[in-house]
Amino acid sequence: MANKPEQHATYDLNHDGIMESYHLTRGKLTVTQPGGIDWSSPPEWNVQSFALDDATGDGTPELIMVLWKRGSFDRHKPLWYEQEENNYSCHLFVHRLIGNKLIPRWCSSALDRPIKSFTVEKDPSGKTFLAVEEGFYSSYCAGRPIIIGKEYSNWTWKQWGFYRI
């Protein structure tokens, strides 16, 4: 789960006519815009990759991030969980840029298969999906998971979340 090489992009995600700059290095993602947004991923996130596209198929592009962090649910855990899981695990987060604020649209709990890479694709009918390369958690070394193998799957957005298809 080593950090991927640096990743850069420019995009006008909030449609204000001014391009934002997206920069990922050593697990930290920053989003900046002259006179506007100045956002950095929280220090407890280890962002591995991102894409800027309409992953949910609603016509509005989003910031899609694959990241690693401790815990599964953050501060909003389901009622049926009595204690917080504190394992270091992979997550998929989708944010929207509204005005100058990045707003979470959807944030996964710990994924049962960590994402190694992904792209946003369209099927012949124009429906958007994520083409995902997944691995498998094998064991832990120094508190970090060891990821083995790979499997390819496609994920589609259905009302409130992504589902493997």
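Analyst: Patches are made of residues with over 30% relative accessible area and no salt bridge, joined within 9 Å for like charges and within 5 Å for nonpolar side chains (Val, Leu, Ile, Met, Phe, Trp, Tyr). A salt bridge is a side-chain nitrogen of Lys or Arg within 4 Å of a carboxyl oxygen of Asp or Glu. Accessible areas come from the Shrake-Rupley method with a 1.4 Å probe, and for residues only the protein chains shown count as cover. The model is predicted, so local features need pLDDT of at least 70 and side-chain atom pairs pLDDT 80 or more, while totals for chains, interfaces and linings use all residues. Residues are numbered from 1 along each chain as its sequence is written, and side-chain values use heavy atoms, without hydrogens and water.

User: Which residues make the nonpolar surface patch?

Analyst: Phe-136, Ile-146 and Ile-148 make it, and its area is about 230 Å². Ile-148 sits in strand E11, residues 144-157. Strands (E, at least two residues) and helices (H or I, at least four) are DSSP runs numbered from the N terminus.

User: Is Ile-148 buried, exposed or partly exposed?

Analyst: Partly exposed, because its relative accessible area is 44%. Buried means under 20%, exposed over 50%, and partly exposed in between (1.4 Å probe, protein chains only).

User: How many helices and strands are there?

Analyst: Zero helices and twelve strands. Of the 165 residues, 42% are buried.

User: What's in the largest nonpolar core?

Analyst: It has 19 residues, and those with the most contacts inside it include Ile-64, Leu-92, Leu-130 and Trp-155. A nonpolar core is a set of buried Ala, Val, Leu, Ile, Met, Phe, Trp, Tyr and Cys residues joined through side-chain atoms within 4.5 Å. Among the elements giving two or more residues to this core are strand E6 (62-70) and strand E7 (88-98). E7 gives the most, with four residues. Another core, of 17 residues, lies apart from it and includes Trp-39 and Phe-93.

User: What does Leu-130 touch?

Analyst: Leaving out residues up to four places away in sequence, its partners include Leu-92, Phe-118, Trp-155 and Phe-162. Contact means heavy atoms within 4.5 Å.

User: Back to E6. Why is it largely enclosed?

Analyst: Eight of the nine residues of E6 are buried, so the rest of the structure largely encloses it.

User: And which strands does E6 pair with?

Analyst: Strand E5 (residues 46-53) pairs with E6 in the antiparallel sense over seven bridges. E6 and E7 also run antiparallel, joined by eight bridges. Two strands pair if DSSP finds at least two bridges between them.
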